[in-house]
Amino acid sequence: MDSKLTEKSCMDFTELLSSSAPVPGGVGAAALADAIMDKLVE
């Protein structure tokens, strides 16, 4: 990877999730979904 996962945009991160790369996995997807949900219910 050319940059840290924490430095990626949400769009870049979701594209990486849909790729065949082994990282990030399901936990990363769950964390992103939780963060989005948290902002929606504020």
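I looked up Met37 and found it in helix 2, which covers residues 26–40. Helices here are DSSP runs of H or I with at least four residues, strands are runs of E with at least two, and numbering starts at the N terminus. I noted that the model is predicted: local features need pLDDT of at least 70, side-chain atom pairs count only at pLDDT 80 or more, and totals for chains, interfaces and linings use all residues. Residues are numbered from 1 along each chain as its sequence is written, and side-chain values use heavy atoms, with hydrogens and water left out.

I checked the cover on Met37. Met37 counts as partly exposed because its relative accessibility is 47%. The cut-offs are under 20% relative accessible area for buried and over 50% for exposed, with partly exposed in between (1.4 Å probe, protein chains only).

Which residues form a nonpolar patch on the surface? I listed Ile36, Met37, Leu40 and Val41. Together they have about 440 Å² of accessible area. Such areas come from the Shrake-Rupley method with a 1.4 Å probe; for residues, only the protein chains shown count as cover. A patch takes residues with over 30% relative accessible area and no salt bridge; nonpolar side chains (Val, Leu, Ile, Met, Phe, Trp, Tyr) are joined within 5 Å, like charges within 9 Å. A salt bridge is a side-chain nitrogen of Lys or Arg within 4 Å of a carboxyl oxygen of Asp or Glu.

I stayed in helix 2 for Ala33. Ala33 is partly exposed, because its relative accessibility is 46%. Its C-alpha atom is 15 Å from that of Thr6, 27 residues away along the chain.

Asp34 is also in helix 2. Asp34 counts as partly exposed, since its relative accessible area is 46%. From Asp34 to Glu7 I read 18 Å between C-alpha atoms, for 27 residues along the chain.

**Entry: the helix pair**

At what angle do helix 1 and helix 2 pack? I found about 145°, with the axes 10 Å apart; helix 1 is residues 10–17. Axes are lines fitted to C-alpha atoms, for helices over the stretch in contact, and angles between N-to-C directions run from 0 to 180 degrees.

I then listed the contacts (heavy atoms within 4.5 Å). Helix 1 brings Cys10, Phe13, Thr14 and Leu17. Helix 2 meets them with Gly28, Ala29 and Leu32.

**Entry: the loop**

I found Val23 in the loop between helix 1 and helix 2. Val23 is partly exposed because its relative accessibility is 42%.

I read 18 Å between the C-alpha atoms of Ala21 and Ala31, 10 residues apart along the chain.

**Entry: the whole chain**

I counted 2 helices and 0 strands. The C-alpha trace spans about 35 × 20 × 15 Å along its principal axes. Of the 42 residues, 12% are buried. The accessible surface comes to about 3400 Å², and 62% of that belongs to carbon and sulfur atoms.
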